[in-house]
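My entries follow in the order in which I checked them.

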Amino acid sequence: MMYPMPMNDVREESPVGEDVDKLLDQQLARNASLLSEIERYADAFTQIERSRIGRLSLKLERLLGVVRLLRREKFLSGAGHLAYLPLEERETFSKAIPQCAFDQKNSSEYLAREYERLVGEILSAETSQEINAELIQSLSDMNADMYQKLLDTQSGVEKSLGSFSGVLMRLVESIWNGVQIGKDRANHLNRLWSDFIQFKRSHANDLDKVDVSNFNRLHYFLQVLRYALAHPYACLRTFSWPRFWRLARVLLGIEQLNGAAWIDQRFPLDASTADKPVIYPVDEPGAQSVELTFPQCDQPLVSIIIPVYNQYATTLSCLQAVLAHSAGVAYEVIVADDRSSDHTETISERIKNIHVVRNAVNLGFLKNCNNAATFARGKYLVLLNNDTNPQPGWLQSLLNVFSTQKGVGLVGPKLLFEDGVLQEAGGIIWKDGSGWNFGRGQDPNAPEVNYVKDVDYISGACVMLEKSLWDQLGGFDERFCPAYYEDTDLAFQIRARGLRTVYQPASCVVHFEGVSHGSDINSGIKKQQRINQLVFRDKWAEVLDAENHDVANNVFDARERAGGRTTLLYIDHYVPFYDKDAGSKSTFLYVKTMVEMGYRVKFLGANFFPHKPYTEALQQMGVEVLYGERYARNWKRWLEESACHIDVIYLHRPHITEGFIDEINSLKVRPKLVYFGHDLHYLRTEREAKSTGDQSLIKAARQWKDRELQIFEQVDTVLYPSDVEVAAVSELSPGTHVEQIPLYVLDPDIRKEFVHSDRKDLLFVGGFTHSPNVDAVIWFAGEVLPRILAVEPDIRLHVVGSNVPEVVQSLASDNIVVHGFVSDDELEALYSSIRVCVVPLRYGAGVKGKVLEALQSSVPLVTTAIGAEGIPEPLSVMRVADGAEAFAVEVVTLYHNEELCNAMLAARPKYIERHFSSTVVKGAIEKHFGPSAVSV
């Protein structure tokens with residue numbers, strides 16, 4: 001039986017009558033089952049303490065815990081706490097169920113008395129005679145707490161007896177018992193392990209969630225080793241002694257940060273698999289016996305038109321794939337039967353809820369499609385060959401392009417061969433009208449074929465467009481009858497109307513190429529392909545000569561219709577984790593804005609790893625992300641070959657820039673170099689040294705200053721978000737062209753309601769791989785919060801952020817709620833409920849993203865001078881205070897002064913419009929990176 005984890009304070013409407021007894025019985029049953037689990041464990045652990053081997057195990061664990069290098073937690077010792085729980089009360093109460101069976105009439109009264117005796121609550125006169133929802137919830141909470149303790153305990157057993165030393169001790173116990181001739185054999189350690197195995201069979205999922213923040217040094221050392229073996233070139237390219245020593249400090253537990261999160265970000269393990277496509281093979285003899293029922297749809301969003309002529313088994317395979325893989329979208333299927341003579345004639349007898357349009361005469365492929373489209377009821381049309389097998393999610397992914405991209409007219413998927421090899425990632429048309437299936441024969445997971453992009457055309461095997469657009473165009477141009485080049489012409493017609501033809505790699509369709517018309521272009525209907533190429537060239541000669549390239553020339557631009565767009569190459573440590581830290585969010589917002597402005601953006605992460613879901617988020621925006629060991633090995637060659645197509649290289653962070661800048665400066669064609677440091681590392685380190693008193697940081701700060709200065713001297717433009725940093729760079733390197741740029745793009749249209757009396761508590765948001773955030777929370781909890789609680793004892797601090805280290809997690813109490821990482825919706829809910837945001841930073845550099853997020857969230861804010869640094873006119877939109885006493889006073893003032901809060905919030909929309917709006921950011925982008933389109 002599975003039990004819930006401890007729940008939030010949620011109370012449902014009070015149950016009555018039989019519902020009360022039913023709910024109570026459920027909780028009592030859970031209580032009894034938990035009792036059995038705990039008793040079994042308690043007995044097993046008690047025996048451990050009585051045995052020689054068991055006591056030796058406990059001593060060994062304590063000894064290992066003393067050695068700093070191993071830092072073993074006392075899992076087995078700590079797991080013993082449940083052995084001493086007072087079980088008698090729970091045992092008594094669990095026996096209430098059979099007692100109730102003898103006296104149904106008074107069961108509620110009896111259980112109420114038992115519950116009162118158990119939990120020591122004094123029931124009011126109204127509830128002493130009746131069990132209510134509060135009592136049931138209390139019992140449920142008690143069960144949840146018991147279960148959580150049991151999970152923690154069994155997790156401790158797993159970590160102790162499942163470790164190397166634990167396995168060794170269990171082996172020693174077995175050998176010891178083997179030589180105890182004539183004596184009682186007591187396998188206490190092995191019995192406890194067997195108890196755990198039995199427990200895990202029923203509770204595996206919940207056990208996986210226990211103590212996820214625990215940092216197992218051996219486990220993560222092996223993870224680093226596995227990553228290095230899998231990505232040797234990426235590791236060698238990014239190696240530096242400072243990074244190596246920091247890794248050592250993380251593995252040894254010297255760093256205060258969350259070591260597991262730090263390693264997971266920098267040394268991730270690829271869990272992806274290259275699955276073969278899902279195929280629905282159907283042979284002709286067996287096809288007649290297959291029956292399918294499609295969902296009925298009165299108002300379809302999509303009309304899927306499948307033109308067919310005989311080949312019934314092929315059509316049936318396609319229909320099976322459509323039925324299996326199109327869930328979640330309202331669609332209809334139109335089978336356009338071009339006068340077939342096989343079992344297709346009676347297809348509606350076996351395939352239910354499809355619309356069969358049967359032509360009176362054979363019209364040929366093109367006219368068959370045009371005719372069938374007149375029967376379509378959906379907003380969107382999909383023209384799908386019958387020799388295809390769409391893959392899971394294909395239809396929704398095509399639809400997504402229309403909602404996420406602007407000016408889209410036609411969309412098509414990634415086409416695969418039956419064995420999973422890539423068939424087409426969009427098409428290229430050359431000046432002579434001939435075409436290329438881009439990526440043909442390559443790995444379908446290659447970076448260059450896995451981002452949304454504009455293309456010359458999409459193969460007619462599967463395309464989607466709006467029905468209204470199709471009607472305006474009059475369908476396929478009949479000069480291309482009976483088939484071939486009608487799909488290419490359709491794409492050019494749509495582009496002539498100012499709309500885009502877009503390739504969507506997230507949608508995959510297997511195309512059994514040649515099944516319909518064969519593959520010999522010199523015979524049969526296939527020879528029409530050569531004829532229609534000339535027809536197409538004649539129709540679009542002016543466009544082809546002006547916009548398209550000579551055959552096989554400039555594939556880098558031709559594959560995505562680059563036109564005259566400015567091309568930017570981002571280089572950063574890895575793809576931006578936009579929901580984890582401020583620097584990543586800033587990068588993500590700028591990439592998004594640049595793409596919207598029309599720039600062509602490429603992204604190179606220094607670890608060359610496709611982090612999920614962050615890589616796909618960029619790809620779906622239209623960004624080509626370079627990843628994988630192939631690029632790690634060959635990035636220099638790629639840069640040499642591609643530099644002539646790149647206008648600006650945007651370098652981020654000093655330690656990342658150092659690994660690329662020498663190679664970039666040696667290029668024959670060197671693009672403009674723009675550097676963004678996020679913050680001045682030497683300045684941040686100097687301040688950390690002053691705040692913490694750590695003298696070793698003084699030397700580190702000097703080293704950072706030298707490294708950053710070298711970068712300034714090798715790039716064309718240096719950008720920082722803070723005017724303080726701009727001034728510092730100007731002083732350090734007078735010849736450097738340095739300017740300020742907004743950190744975030746914010747929306748000045750703040751429509752969030754703030755009712756002072758409806759809100760309570762405080763909120764801190766920040767990623768904890770950044771040491772200033774760790775220090776801020778510790779300082780606030782130890783120095784500031786006690787002063788606030790002296791005035792407002794019920795106030796709580798909510799701590800939100802990814803990668804929470806143990807030192808922050810340990811602060812959790814009645815007045816500090818450590819949420820850790822939360823979703824965007826959960827964070828929005830917190831922002832909507834709290835009364836004051838706090839950013840108590842004592843050191844750092846640059847503009848702080850968490851401060852800007854608070855401005856956007858329509859919540860009053862208190863921060864320090866460090867937190868407000870680089871933000872223009874800070875006192876107009878926030879309160880600034882340094883020192884524990886002053887900070888506490890400002891928080892309490894805002895907490896009680898509604899008028900002051902409202903005045904602060906009223907000033908923010910115009911403030912954001914002046915300093916952080918989309919208009920301001922776009923102006924800065926054009927200033928430093930040039931216009932989005934350049935003359936060809």
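I began with Glu-873, which at 42% relative accessibility counts as partly exposed, because a relative accessible area under 20% is called buried, over 50% exposed, and anything in between partly exposed (1.4 Å probe, protein chains only). I noted that Glu-873 has a positive phi of about 50° although it is not a glycine, and I placed Glu-873 in the loop between helix 36 (865–868) and strand 27 (879–880). For the numbering of such elements I kept to DSSP runs counted from the N terminus, with helices being H or I of at least four residues and strands being E of at least two.

Before going further I wrote down the ground rules: this is a predicted model, in which local features need pLDDT of at least 70 and side-chain atom pairs count only at pLDDT 80 or more, while totals for chains, interfaces and linings use all residues. Residues are numbered from 1 along each chain as its sequence is written, and side-chain values use heavy atoms, with hydrogens and water left out.

Confidence came next, with pLDDT being the predictor's confidence in each residue on a scale from 0 to 100. I found a chain average of 82, with 74% of the residues scoring at least 70. Residues 1–17 stay under 50, and the model has 34 contacts for them beyond four places in sequence, a contact being heavy atoms within 4.5 Å. Residues 66–132 also stay under 50, with 116 contacts beyond four places in sequence.

For the chain as a whole I recorded 40 helices and 27 strands, and I saw that buried residues make up 54% of the 936 residues. Among contacts with a separation of 6 or more, 75% come from residues 24 or more positions apart. The chain exposes about 41,600 Å², of which carbon and sulfur atoms supply 51%; these areas come from the Shrake-Rupley method with a 1.4 Å probe, and for residues only the protein chains shown count as cover.

I then turned to the nonpolar cores, each a set of buried Ala, Val, Leu, Ile, Met, Phe, Trp, Tyr and Cys residues joined through side-chain atoms within 4.5 Å. In the largest one, of 94 residues, Leu-618, Leu-762, Phe-780, Ile-788, Leu-852 and Phe-929 touch the most other members. Helix 32 (residues 771–791) gives this core its largest share, nine residues. Apart from it I found another core, of 47 residues, which includes Ile-305, Ala-336, Val-357 and Leu-490.

Which residues does Leu-852 contact, leaving aside its neighbours within four places in sequence? I listed Leu-743, Tyr-744, Leu-746, Val-847, Ile-871 and Phe-916.

Helix 15 (residues 312–325) is mostly covered, with 11 of its 14 residues buried, among them Tyr-312, Cys-318 and His-325.

My last check was the backbone, where most residues other than glycine have a negative phi, and most peptide bonds are trans. Arg-339 has phi near 65°, a positive value in a residue other than glycine; Arg-339 sits in the loop between strand 3 (331–337) and helix 16 (347–350) and is partly exposed, at 41% relative accessible area. A cis peptide bond joins Cys-481 and Pro-482, with omega about 0°, and Pro-482 lies in the loop between helix 19 (467–473) and helix 20 (486–496). The bond from Lys-612 to Pro-613 is likewise cis, with omega near 0°.
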